[in-house]
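Dear colleague,

I am passing on the structure below for your own work. My notes on its contacts follow after it.

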Amino acid sequence: MRYFRLATDCYLIEGEVDAAIYDLSRRRLWLLDDRAHALLRRCEDNHPLPDALPEAEQACLDALQEAGAGYFDDRPAYVDKLLLHQPIEMTGIASAPPAFSRADWAITGACDLGCAFCPAGSGDLAWLGCETCLRRAGGAAAPWVPHDLERFAGELELLGVKVLHLRGGNPLLEWDYLQRIVQAVRGSPLGLLISTPGTGQEPERILALCEGGCVRLNVVLFGIREEATRTVCGAGGAQAQAAPLLDAFAGAGIPCYITFLLTADTRADWPEMSDYAVSRWGIRPRAAEIYRREAPPGGRLRHVGEQVKPLRAWQSAEEFFFRVTANPCAHGRFEIGIDGKVRCCPAFEQVCGDVAGDGLRRALAGDSLYDAWALSKNKIEPCKRCALRYACLDCSAFEIAGQSDPAIKAAYCPYDPEPGPARAWERDWGEPDFVLTWRLPDA
Amino acid sequence: MPQKRVTLRFRSLQGRDYLYDDVTSSIFPWNDPREQALAREIATAGRQQDDAPLDGAPSGGGASLDAAEAFVRHWRDDYGAFLRDPLTNTPAPCPDAAGLEWLIRSRSWELLLILTEDCNLRCKYCALSEVYPLNRSRSARKMSLDTALAAVDWYMRLVEPQIYANPRRRFGLSFYGGEPLLNLPVLKGVLGHCREHYPGLFVPVLTTNGTLLTPPTVELLVEHDVSVAVSLDGPEQEHDRMRVDARGGGSFARVMANLRRIKSRYPDFWLARMTSLSVYDWGTDLETVERFFEEQGDALPRSLFVNPVSPRHTGWYGRYQGNDQAHMDAALGRLGDRYRQARIDGESSSSYLRTLIGLGLSFVSFRARPGDARPAFLPFSGTCVPGDKIAVNVDGKLDVCERVNGSYPIGHLDMGIDYERVTRIIAQYQEEILPSCPSCPATRLCGLCYSFLDTQGGITMDAGQCAATVASARRRLVEYVSVLEENPHADLLLQTDTVTPEERLLFLG
């Protein structure tokens with residue numbers, strides 16, 4: 001009898017129709033056609049190989065052994081897969097401190113712009129709206145304000161939060177409050193990030209706020225031409241105000257970020273926007289997107305600048321297991337909305353706690369926030385049915401999973417894991433050193 | 001000093017060879033080509049090889065030597081597998097007092113209150129009896145309410161950093177004795193105090209002999225959601241063989257009457273919070289006890305731990321003949337076979353069997369992996385850092401655990417933790433216990449800690465204790481892979497068990 005088993009550090013990951021071998025240590029994956037998949041499945045179930053193994057199958061297994069991804073054997077075996085940590089998450093008395101990295105705090109719903117898509121409503125689909133000034137629909141009229149700002153900042157620090165991200169609306173419109181917050185965290189290890197359209201305040205005052213390095217600005221732009229910006233924002237002057245602000249930052253040598261919030265009307269201009277930001281301010285901008293849900297052409301959206309699924313190899317074994325067990329996008333984050341409610345991030349709808357009613361510690365004491373952190377692609381639709389789920393870095397899947405419309409779950413994915421004419425192993429994924437293919441000729 | 005091979009070769013009950021590697025905590029299917037490749041690697045580098053070859057016919061003859069060499073090279077180069085350098089794996093120096101204080105404040109997880117040293121029973125194997133001359137002794141002393149409340153308040157101040165850093169953090173609050181229900185007013189006072197001042201922060205647990213679970217007492221325990229572990233050694237004949245009162249009368253009938261009443265009146269509490277602790281020795285008919293738990297089903301509290309009467313520093317087993325141990329080992333073997341077959345077949349087992357046999361296999365599943373960091377100054381064995389658990393004695397003396405003999409306290413409630421003393425205890429642990437660990441092939445399967453090592457005034461390793469630990473690890477590995485070879489999906493993590501790992505941790509001695 002002969003057997004073949006995948007190596008301790010190689011995993012057969014199966015989707016609804018496709019399957020792949022993930023080679024953890026050598027950072028590569030093989031997409032399997034149906035015959036190779038069936039062969040490896042039988043092997044992994046400890047079935048003996050037939051005496052007369054077809055030549056193509058023998059060649060496949062020989063090559064896998066040559067590559068160190070599996071081994072022939074003369075007995076069935078239990079293969080204990082490599083783990084870096086105990087396969088158990090302890091809670092309560094044995095829980096490890098959560099790795100809080102960032103808190104997004106919507107300190108105001110006020111804004112001096114009138115963007116048609118803001119606040120985000122049920123007709124919108126946002127990607128990376130958390131990095132912009134996009135508001136949540138149905139927020140409280142009066143924002144929640146902590147009774148004791150210094151104490152609140154101290155609690156965030158004790159939690160280990162590294163970055164406090166102040167959002168709105170436009171936080172610059174709450175100038176006095178903003179200054180008090182800056183004062184409260186000054187001298188603490190807490191870094192401040194403020195996302196704003198850059199309007200409503202004199203550049204010099206904003207510059208002074210950010211001097212010293214503990215406050216970073218993220219300026220949200222809607223385009224590089226005033227006319228387009230006016231169309232998107234419903235109000236003029238956004239570009240005219242933000243550009244001098246960024247000029248001032250560039251002139252003073254104070255680092256800041258730029259995020260372009262794109263819509264269906266402006267996304268075609270993204271390459272031009274990106275080049276413009278680099279050439280004028282020396283900053284490589286990020287992109288966030290807003291779509292009307294009825295807009296997706298052919299039921300599929302495409303991230304700017306990307307033609308295919310963004311597949312990328314893990315940089316370490318730790319990162320691979322992190323992808324398997326966690327939501328890499330939201331892990332370590334929580335949002336405090338203007339209603340004082342805790343959510344996993346601004347894109348998630350589920351309320352996890354109530355800072356306004358219960359205080360910060362108790363608001364973070366429930367399980368739902370941490371359940372959201374653990375929402376890996378193994379647990380969300382449609383990714384959990386996809387063999388590429390741990391190779392794909394498309395974070396929009398997590399955001400969309402947190403939204404309520406099931407019809408839009410696969411909105412951005414260019415590869416549908418359900419049965420269809422195009423199979424994973426038939427495509428070019430553009431990562432030749434990472435994504436390999438096993439195709440066996442028909443028997 | 002050359003690198004040492006830190007692997008365990010073993011063979012499944014079906015005859016398949018494996019190798020456990022203590023560096024990566026991985027279990028590899030093994031064969032002669034791989035063994036040759038590893039031996040060559042070791043010989044080339046002038047390293048030491050201690051892992052003994054297995055008897056009998058070699059397995060894995062179908063594997064190629066080229067593939068085996070590539071395999072060994074990959075695990076050596078990418079993961080540093082198979083070999084450990086004793087020189088670079090020595091414990092780091094113990095932190096100074098300030099460092100230890102910070103460490104303990106950020107990781108302590110359980111406060112134990114020894115409410116009394118008194119007991120209404122006189123169990124023959126009692127740890128507080130003359131059977132164990134080195135242990136603290138049974139006495140009439142009780143903890144005062146003032147001491148108990150001061151302990152709780154002090155502990156909350158101690159762990160305050162964790163309360164802020166970890167919103168989900170809760171702390172074990174364990175009531176222990178003697179028989180803690182002999183000091184009911186203090187128990188009641190502490191529970192009320194915690195509810196008023198520290199709501200939701202404590203997980204209270206109580207270990208009791210079960211004879212004093214009267215209706216008002218149970219009402220109190222239910223009201224405060226106290227997890228209760230009742231000592232229950234088996235059916236009447238087994239239980240009353242050793243769990244007797246001062247006049248020699250058995251306690252089984254009283255315990256069972258109380259248990260029946262709790263189950264009837266508080267069915268939810270029964271399911272969620274009631275568990276049992278069982279002890280056995282060479283005189284125990286283990287199969288009869290197991291049958292008792294099997295037949296009674298959920299009429300008995302779920303089994304939490306099943307432990308042998310400890311053989312350390314006692315003449316207890318002198319009462320038995322040599323073949324008594326052989327009889328017990330044979331019974332353990334049969335029960336082990338039955339449990340493993342049930343796992344292979346996906347069938348259920350009694351909670352007693354899940355605990356008696358299953359926990360050993362789960363221990364392999366839950367073994368530490370390379371990413372599970374231990375404190376650098378206590379890098380090996382299963383010990384906690386002194387202060388992880390803090391047992392407060394009736395007089396306020398602080399111990400590392402409720403199970404230690406009390407001869408090397410870590411402080412007193414009046415003065416708090418004596419960090420210099422903790423430093424000395426750690427230094428002693430480093431000197432007495434850890435030196436041979438870097439060369440050990442089973443460090444990630446080792447559960448040794450103070451309660452297994454203490455002697456008068458400190459800790460020491462008994463002759464043969466490490467060898468026994470390695471032998472036990474090898475036996476468990478054999479049983480573990482033997483089940484999974486037949487059924488790779490067998491539940492050895494006890495995920496279907498009704499007792500959570502956290503619950504077991506709270507009662508763990």
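**Contacts between and within the chains**

The contact between the two chains takes 43 residues from chain B and 38 residues from chain A, two residues being in contact if their C-beta atoms, placed from the backbone, lie within 7 Å. On the side of chain B that touches chain A, the largest share, five residues, comes from H2(B), where helices (H or I, at least four residues) and strands (E, at least two) are DSSP runs, numbered from the N terminus. By class, this side of chain B has 23 nonpolar, ten polar and ten charged residues, with Ala, Val, Leu, Ile, Met, Phe, Trp, Tyr, Cys and Pro counted as nonpolar, Asp, Glu, Lys and Arg as charged, and the others, Gly among them, as polar.

Please bear in mind that this is a predicted model, in which local features need pLDDT of at least 70 and side-chain atom pairs count only at pLDDT 80 or more, while totals for chains, interfaces and linings use all residues. Residues are numbered from 1 along each chain as its sequence is written, and chains are lettered from A and ligands numbered from 1 in the order in which they are written.

H1(B) passes H2(B) in a right-handed crossing, meaning that the near helix is turned clockwise from the far one by less than a right angle. Residues making this contact include B:Pro33 and B:Leu38 of H1(B), and B:Phe71 and B:Val72 of H2(B); by class, the contact has seven nonpolar, one polar and four charged residues.

Chain A is divided into domain 1 (3–82 + 423–438) and domain 2 (100–373), with bounds from an automatic or database domain assignment. The contact between these domains takes eight residues from domain 1 of chain A and seven residues from domain 2 of chain A.

Best regards
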